Amino acid sequence: MKIRNIFLALSILATSCISFNSCKEDIDESDLYTFTGEMMIDHFVNHPDTFSSYLQILQKVHPSKRSSSTMHELLSARGHYTCFAPTNEAIDLYLDSLYQIGQITAPDLSAITDSVAEAIVFNSLIDTGDDGLAYASTEFDSIMPTNNMNDRPITMRFDNNEATGIPEVYVNIYSHIIEKDIEVENGYIHVIDHVISPSNATVSDMVSATENTQFFGDLLELTGWGDKLHDFRDFTYDDWDLAGTTYADANGDFSGKYPDHRDTKYTIFVETDDVYERAGITDVESLKKYIREHAYYNDDASKLFGEEISWGDDYENENNAVNQFVAYHIVKCGLTPVNMVTWSNERGYYNGELNKNRRHNVNVWEYWETIGKHRRMIKITGTKNGKRINRQSIYKSDTYQETSAPIEGILIHDNNGEYLNTALNGWYFPIDDILIWTEDVPNKVLNERMRIDICSMLPELMNAGCRLNRTNSWRFPYNYFENIPSMSEQTEFNYLPNKGGAGGATASGGTWMNYQSDEFNIRGIYDFVLKLPPVPYTGTYEIRYGINANGNRGMAQIYLGTNPKNLPAIGIPLDLRITGDNNIVGPWKSDTALGSSDAIDEFDKQMRNNGFMKGPKYFYPGSGQSGRDGRDCLRRVIFTGDLRAGQTYYVRFKSVLDDTNTQFFFDYLEFVPKIIYNGPIAEDKW
């Protein structure tokens, strides 16, 4: 049986017990349209032969448990909605399937429960908010950039009808769009022939049930990891008064929203069965043989525990070679084809509108920690020819375009063809080679300047869909993040997805001198601890803090160590108000003013001697300047010393000013091994 049929049944079974609707409040009647154009509801009313069943369900469903309005009223109002509207026949088919498995008492609308009605409606709608735009078919991508109102991703499968040669589009694998781009005043309607019913299987169960990923599914069961990947949502957070509410600072600088939910999600990179067959792997013993020949598990991450790698048959032991192999495929974060790497403001990309018209002039990348007690990282590189795991790239010094890849890396496929790959609590992605922690990964691929955006250290932010979600600025309560084990209740932890200026998400902008366009702007008498990602090998490193300095920032004492409850202070307090034009470094000199490469290098050396560096040349915001051009865009060396692979380190930032309005800017950190910052080849300026 194909996975789409298996999980259609599973999703039907779960519709009566899970609902993930968003929290839109009651509809303001004054906002109802006063113009003559057709609204979405008007179109449904005017075409009863097609939509009378859908219209009846819309009248039954409320936007949220806090709302007294109906979805009928919502779609009568202004807004930007993309609706994949099921026909009457599609709803009849769906209700009949529910009746066949005993989920409803009769195959008609009068018998459906509230939860079934909500699932039909919320899965069919994308709300892009007041500042967004609805999606025409020309804007469809393999995964839509905005989740539906059930907080689930929408995927698209593009195909050609063999008989007619006409291109066809399927939503979530099996819902065929039979009429597209019906434009109404508040969005677009695309008509589908099957109700959208996403799987409610967990990601590990989905891998195990998919026809072409059977071997890895067996490994998940054998090692016990499959049973550990069933978490989904912290429903206690949903009961908080803060969940889904809006906020505004007393001084009016920022306004935004608390996330609707706090989710746990996973991403699994899976070799399909044919990949194992090509490598001569047919069972666990042949896999062990392959691991012996290729893996580098007897590294410092393993030695940290004083335990040797195990080759026995206790596969649930995390020291076991097969267990470590499986763990290195899993990231505890809901990565999607859109957010596993971020195209934003790297050199040559910015084109007047962020995240549009991707030109891929330079690579982008992100680092993600895999699960298991042996802490390890994978690097995902986005290239013009796709995304690859653990790619080693060589770049031109003047343009930073890739010239070669000594280690090509493993290609990631965004989908699995005719099989679903999006589950209730994450994704799996087919890969085209065996993913394994070889000696080349720490010593070549990750033996580089690792520039890591803070967002990738906070999976819950990614899972909530906040990353570069410009419909709001976002704030997170003190116990929201697993990787922030300590945060004072006075800490206002704000995430700003780059709209610039007062008003946060609603103002125009896009010119911030920030890596990947966004930032955290933390206020109050802040005090928080962040768990750091692991370094690839034991050695001497610099940790650098990226800063866009200005007079609104504050001062923070930094602490670093292995005990999050008792971290020693490092250095003097970091003054975030100090720009590149200061009494410490001297008058600011741009690269253009300095002229020659020797003069530029000498000024860089002078800055480094005082713990400063110019910002990276890599990102070019809309201003047209690079990170090296602005005197406010800097890097500060906050730590130099020995770090051990596999060891867990924490950093603490504590305000030293008694001023609730000063800002702690948080954007990215760099982990730089000594061979890079003080090696035989000078570190590049990118």
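A: W240 counts as partly exposed because its relative accessibility is 27% (buried means under 20% relative accessible area, exposed over 50% and partly exposed in between, with a 1.4 Å probe and protein chains only). The model is predicted, so local features need pLDDT of at least 70 and side-chain atom pairs pLDDT 80 or more, whereas totals for chains, interfaces and linings use all residues. Residues are numbered from 1 along each chain as its sequence is written, and side-chain values use heavy atoms, leaving out hydrogens and water.

Over the whole structure, a search finds 37 aromatic pairs. In one of them, W240 is tilted against Y478, with 6.4 Å from centre to centre and 40 degrees between the planes (rings of Phe, Tyr and Trp, the last by its six-membered ring, pair if their centres lie within 6.5 Å; under 30 degrees is stacked, over 60 edge-to-face, the rest tilted). The partners come from distant parts of the chain, 238 residues apart. W240 belongs to the loop between α10 (235–238) and β7 (246–248), and Y478 to the loop between β20 (473–476) and β21 (486–487) (helices are DSSP runs of H or I, at least four residues, and strands of E, at least two, numbered from the N terminus). Y478 has 36% relative accessibility and therefore also counts as partly exposed.

A second tilted pair consists of Y495 and F520, whose centres are 5.2 Å apart and whose planes make an angle of 50 degrees. This pair too links distant parts of the chain, 25 residues apart: Y495 lies in strand β22 (residues 492–496) and F520 in strand β23 (residues 519–523). Y495 counts as buried because its relative accessibility is 0%, and F520 counts as buried because its value is 1%.

Aromatic rings also meet charged side chains. K379 lies over the face of W365, at 5.4 Å from the ring centre (NZ of Lys or CZ of Arg must be within 6 Å of the centre and within 35 degrees of the ring normal). Likewise, the charged end of K614 sits over the ring of W588, 5.0 Å from its centre.

Strand β28 runs antiparallel to β29 (residues 633–643), joined by three bridges; M613 has R635 in β29 as its bridge partner.

Methods:
Two strands pair if DSSP finds at least two bridges between them.
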